[in-house]
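Let's take a friendly walk through this structure together. Keep the sequence to hand as you read.

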Amino acid sequence: MKVNIVSLTCCAGCVSSFLNAGDALLEILSQDFDIVYSPTFVDLKEVPQVDLAIVEGGVRTEADEKLIREVRAKSRILVALGICATHGGITSLGNIISVKKLLEKEYFVLETSKLPELEDLMYPICNFVDVDYYIPGCPPMPFLIVHSLKSIVSGKTPTRHQSVVCTECNRKIIAAKLDRLYGIYDKEADPNLCLVSQGFVCLGSLTREGCGAPCPRAGFTCFGCRGPTDSLLYRSRDLYSFLVKVISKRTSIPEEEVKKELYRNPFIFHTFIFSKFERFKARERII
């Protein structure tokens, strides 16, 4: 299968995660993939016609938009890889201020006329082209990428992950009695107890599983990079109230007090709410 690997506006972490798959990567490269276009691996300027295109990053520049439309037109199957491609991701934090202010703040020492032409906002790629499969994550874990791509290559439907990260976390959930919430660096976390039960704001209860819960297992709160699970996918307004209920139930802190605590951090859902996000056309495409 001929493959294009394309990077739009991003940190290139998702392709790096793919490269970190070790022997599984060598197997897929030797048996299934013929990578014909990738600025990381191949010195080829023209985007060729292929069977599969893997795209990381979102659309922030006019060049991004032109490229993703060309890639879609020349690909039989298109996979959005990583939270920036699927939801807008961390890069969409730039959407909270105007382009003018963004340039003044970050590029005040440079001649901005030499920078790429920016769109008004950061967009996930589904706002411009049809996407066959979405693999969210920041970045998606190597095993998730390889297993999903091998299924696609063999003509099978990739395994979908429809539950929440809590189902992959081995921490024990208890109904604790706390009087406040904590930042992750405010105190040392118990390695066995649910982070929410300890007063930390962890999004594992509303985030799509499939990553293996590496963050909460390591003592760091889930920040939702796999996006909302199926039950919350089309109900973004419910994300906040759902999180408030979970935290209140596991800490015994009244919901109104939880809301006051969360109000101090408006970036809780920063990975998927700041872009101009058009809803997925079909949840069955989200892996």
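## Around Ala-85

In this predicted model, Ala-85 touches Val-55, Glu-56, Gly-57, Gly-58, Ala-80, Pro-124, Ile-125 and Cys-126, leaving aside residues up to four places away in sequence. You will find Ala-85 in helix H4, which covers residues 83–86.

Is Ala-85 buried or exposed? Its relative accessibility is 0%, so Ala-85 counts as buried; the cut-off for buried is under 20%. Ile-135 sits 50 residues away from Ala-85 along the chain, and the C-alpha atoms of the two are separated by 8.8 Å.

In soluble globular proteins, nonpolar side chains tend to be buried together. Here, the largest nonpolar core has 24 residues, and those touching the most other members are Leu-203, Leu-206, Leu-243, Ile-247, Val-258, Leu-262 and Phe-269. Helix H8 (236–251) and helix H9 (255–263) are the elements that give two or more residues to this core, and H8 gives the most, with 5 residues.

For a look at one member, Val-258 touches Leu-181, Val-244, Ile-247, Ser-248 and Ile-253, again not counting residues up to four places away in sequence. Apart from this core lies another, of 23 residues, among them Cys-14, Leu-25, Ile-135 and Ile-145.

## Where H2 meets H6

Helix H2 (residues 23–31) and helix H6 (residues 142–153) have axes that come within 10 Å and cross at roughly 20°. The two helices are therefore roughly parallel to each other, and H2 passes H6 in a left-handed crossing.

On the H2 side, the contact is made by Ala-24, Glu-27 and Ile-28; on the H6 side, by Val-146, Leu-149 and Lys-150. These contact residues divide into 4 nonpolar, no polar and 2 charged.

Technical notes: Residues are numbered from 1 along each chain as its sequence is written. This is a predicted model: local features need pLDDT of at least 70, side-chain atom pairs count only at pLDDT 80 or more; totals for chains, interfaces and linings use all residues. Side-chain values use heavy atoms; hydrogens and water are left out. Axes are lines fitted to C-alpha atoms, for helices over the stretch in contact, and angles run from 0 to 180 degrees between N-to-C directions. Helices (H or I, at least four residues) and strands (E, at least two) are DSSP runs, numbered from the N terminus. Angles under 35 degrees count as roughly parallel, over 145 as roughly antiparallel, 65 to 115 as roughly perpendicular and the rest as oblique. A crossing is left-handed if the near helix is turned anticlockwise from the far one by less than a right angle, and right-handed if clockwise. Contact means heavy atoms within 4.5 Å. Ala, Val, Leu, Ile, Met, Phe, Trp, Tyr, Cys and Pro count as nonpolar, Asp, Glu, Lys and Arg as charged, and the others, Gly among them, as polar. Buried means under 20% relative accessible area, exposed over 50%, partly exposed in between (1.4 Å probe, protein chains only). A nonpolar core is a set of buried Ala, Val, Leu, Ile, Met, Phe, Trp, Tyr and Cys residues joined through side-chain atoms within 4.5 Å.
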